[in-house]
Amino acid sequence: MSDITKQSLTDLVENIKNKKLSSSEVTKAFIERSEKSKVLNAFITEDFTSALDKAKKFDQKPNLDLKLPGIPMAVKDLFCTKNVKTTAGSKILNNFVPTYESTITENIWSEGAILLGKLNCDEFAMGSSNETSFFGNVQNPIDKNLVPGGSSGGSASAVAGQLTPITIGTDTGGSIRQPASFTGTVGLKPTYGSCSRYGIVAFASSLDQAGPMAQNVKDCALLQEVISSFDSKDSTSIDFKRSHYSKELTNDIKGKKIGIPKEYRVDGMPKEIETLWQKGIEYVRDCGAEIINISLPHTSYALPTYYIVAPAEASSNLARYDGVKYGYRASGDNLIDMYEKTRSEGFGAEVQRRIMIGTYVLSSGYYDAYYLKAQKVRRLIKNDFDEAYKKVDAILTPSTPSSAFKIGEKTNDPVSMYLNDIFTVPVNLAGLPGISIPAGHDAKGYPLGLQIIGKAFDEQNILNIAFAMEEKINFKNKISDWWIK
Amino acid sequence: MSIDLKTIKHISKLSRISVDEQRAKKLVGDLNSIFDFIEKLNELKTENVKPLTSIAETTLKLRSDEVKSKNIREQIIKNSPQDNKDYFVVPKVIE
Amino acid sequence: MSKKSREFLINRRDNQYEVVIGLEVHAQVLSESKLFSSSATKFGAEPNTQVSLVDAAFPGMLPVINEFCVKQAIKTGIGLNAKINKRSVFDRKNYFYADLPQGYQISQFKDPIVGEGKVILDLPDGQKEVGIERLHLEQDAGKSVHDLDPQNTFVDLNRSGVALMEIVSKPDLRSPDEVSIYIKKLRSIMRYLGTCDGNMQEGSLRADVNVSVREKGSKEFGTRCEIKNVNSIKFMQMAIEYEANRQVDLIEEGKTIDQETRLFDTKKNETRSMRSKEDAHDYRYFPDPDLLPLEVSDEFVNKLKNEIPELPDDKKKRFINEFKLSAYEATILVSDIEIAKYFEEVVAKMGKNKDMKLAVNWITGELFAVLNSKNLEITQSPVSAKNLAILVNLIKNGTISGKIAKTVFELMLKNDEDPQKIVEEKGLKQQSDPKALEELIDKIINNNREKAIEYKQGKEKLFGFFVGQAMKASGGKANPQLINEILKKKL
């Protein structure tokens, strides 16, 4: 069968179950394409030999009742994988090989999937362009020298470039949805507490949430079904009744009330984003949903709040990288000297910057003015959503204020880089689910995404809305395979 | 408010990241532009707002007091930068 | 330096200073597994053999709280007559150290699990109430070993993550003696509750000691210094004495006292400044985002209240009322749960016709002397409570005399033998047959006619001589009371 790598996850599962394809054939196809795609720099660690072995083993005794039978897939290098190097995109973990598996990847393997390798990302998931990775930047398959977004840039590039049928990323402030939007793919950030954080290298504990990335909504729903589980090893994991997202997926969204927040019309937003949003509104209306104008008054405070909360938590979460137990160690005359050199040489500039911000906002004399203040504003932001959800079932916004930008374009201006996450960050602060779907192209032919934000634990609803819109939009990603020819 | 070189040096000490003069100067600029942007929060009055410490809408679950983790010293020490089969080893601590 | 039973004052020229002490006691929670991980807590294991991925802070590892440790903290709170907070919050205390793998300690800063309470101290001249400020749960750190290698420090994380209760007193203590009594009382309460074994040698109980001085009569507090991590009562007392005098000297010299953290050097018997701790003093506490607030229901707390055993203060009251013991005797017997258990078992085994006074004297006298000299705990006592009860009864019912009892007791020490059996086998039974004794006494009087006459003429001292002779003749077994009676009659 030709063009295996062009097939959706749903089709691949179907074909393996019908024995039209073997796991080995599928795995080989993705490996061969990945071998030809090294210039994208999507992988940090390839695990191809082992993947082929596993595929062969699967084919010898295929269990076709599984949800991901013999499906090869690569994952973001923030998930700890047993006996496979896990770096979080950082020099400080360059040689770190976990002896344990994250709950999410464990869930995936137990449904029959096979690890292809570990995907590039911004260092400790801190970035919006995948340029902070110690392992170099990632190219966007859409166009040469274009960033794929971040921090799950390798993941987005690998899905868009068909190096993996699906993948998982993590999203602290937009790290799944923004790269999905930049690469014409679908990315879901689930409700906080839906997917276990056990075994995922932490960035900001109260915001981090892993989620699926795929070519289409249905694939995304299937993967979400696999990864979402209550986990007693994560105290913030929530025990709620999880739906069979793919089975219950429907395009019937008649009567659903969709909120349009006026505060998301920000100054300087390109006309094409505004137009895209309008088109999206028309699509959902066409599907029989009702459009309601709403207000989320504290939207403009979300980004400043985020840039206090996330660095504060990160400054503490990253204290364990001290050269004592694992990872990089610089030599030092004494313990303190060793710490300071290890962390100075082991962390990249952006990570250091955020640790410094976080340390500062928590330090004595500044805690109330910054950290406490941010936690209070965070409540106001959450209250905005609670109010809105009294009137609507979901909220529709653009995913990003612009399409993908050029590599190097924003590296010297942290604030303009941070502004990329303006539409995605409020969702993390409120712990809500949000999905980005490709909805059109800008004048340069770069993809643009729309975001649907749901109520907590209401993933099914936003997947349904996304599914219905997807049909109407009928988006075709313009990928020329420029890097292969 | 503005962050000066002295503050940068203080927080680099607290966060155990050594920075040379040049990097410190760069950080002064970076952090000041980031904090200019953060200062926007001061527009809001929040005296009567309860801080939100956890977004997870649940209470803390308690586990039973059972020893489940056995001796995994080899695994624990395996990744450590300086070899020793029993201990983690660090440069001498000066008390 | 003047020293009444209660006062500890430092005199310099015309000035008199008192010392103000507050303690932060770190008590290791008795539990099988750690506070946030499922590895073991046993003392004395091989290095790094009780360390989980969570304890060693591997990437992506998360804390999950141990219910039993929460219960232990609440029970201790109830034992300290303290307010139990239904909502408490775990915070991170951030600092770098080789034996702190996460780079932060999970502790409770603003909202501890237990609030204000009090402890009653029994002092030689009455009781004193010491306020408890709070009790919170936190993780212990690992251990740095500095003396195995000249260039390197070795780190053992077995202790990392073990649950500690930090019990903070109000600055209510005024002397090294009070500190000793306070620590002992706290330890006693926790041992009654089974929440901490109180073993100071193994580090299950340690304290940071806050010391300040002020002129006697002053209401203001002086600047305090914190002496870190002192692990025996004796060292606490020595450290306080040194530190108080150091501070008084500074005041007398017109110098100021710096608020600082100090270390007690047990070899030199002095405290010294820990400068290294000072520059990392900004702990950047914030609520741990990996944990949610800890909420406990009234039902949960009430259930624990029902599990609280009789505690030392109540037991003491009962001993005084029920057994008519003196306050002093009762205080000694309740001071340690095992001693109280032993005593109550003796009481139970003595049956109906019991001599409480005699039992108390034997426990606090002979038995304690033996335990002391052999350096044994009461749980290791060579004489069981049952056999001690039998011995006391043998004295009480006149089978043996108090003097013979001491001989029997010596013999019991070997194999915890039944005293009844010893008495029978060795023929130590008291001679209480009046006829036989009369014959014996007649013989003695006949043999000492002259002395008998002297006695009758008024030399009363000689009565003792006759008693001695009679006892000697009976091989010490004669019932002394009967001897007295018969002699009085015959002489």
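Trainee: How many Å apart do the C-alpha centres of domain 1 of chain C and domain 3 of chain C lie?

Mentor: This is a predicted model, in which local features need pLDDT of at least 70, side-chain atom pairs count only at pLDDT 80 or more, and totals for chains, interfaces and linings use all residues. Residues are numbered from 1 along each chain as its sequence is written, while chains are lettered from A and ligands numbered from 1 in the order in which they are written. Chain C is divided into domain 1 (2-305), domain 2 (319-425) and domain 3 (434-490), with bounds that come from an automatic or database domain assignment. Between the C-alpha centres of domain 1 and domain 3 of chain C, the distance is 67 Å.

Trainee: Which element gives the largest share of the side of chain B that touches chain C?

Mentor: Two residues are in contact if their C-beta atoms, placed from the backbone, lie within 7 Å. The contact takes 30 residues from chain B and 38 residues from chain C. On the chain B side, the elements that give two or more residues are helix 3 (73-78) and strand 1 (88-91); helices (H or I, at least four residues) and strands (E, at least two) are DSSP runs, numbered from the N terminus. The largest share, four residues, comes from strand 1 of chain B.

Trainee: With which strand of chain C does strand 1 of chain B pair?

Mentor: Two strands pair if DSSP finds at least two bridges between them. Here the pairing is antiparallel, over four bridges, and B:P91 stands opposite C:N152. The partner of strand 1 of chain B is strand 10 (residues 152-156) of chain C.

Trainee: Within what arc do the buried residues of helix 3 of chain C fall?

Mentor: A residue is buried if 20 or more other C-beta atoms lie within 10 Å of its own, with C-beta atoms placed from the backbone. In helix 3 (residues 233-252) of chain C, the buried residues include C:M236, C:I240, C:E243 and Q247 of chain C. Taking the directions from the helix axis to the C-beta atoms, the buried residues line one face of the helix, because they fall within an arc of 160°.

Technical notes: Expected span 1.5 Å × (residues − 1). Buried ≥ 20, exposed ≤ 12 C-beta atoms within 10 Å, placed from the backbone.
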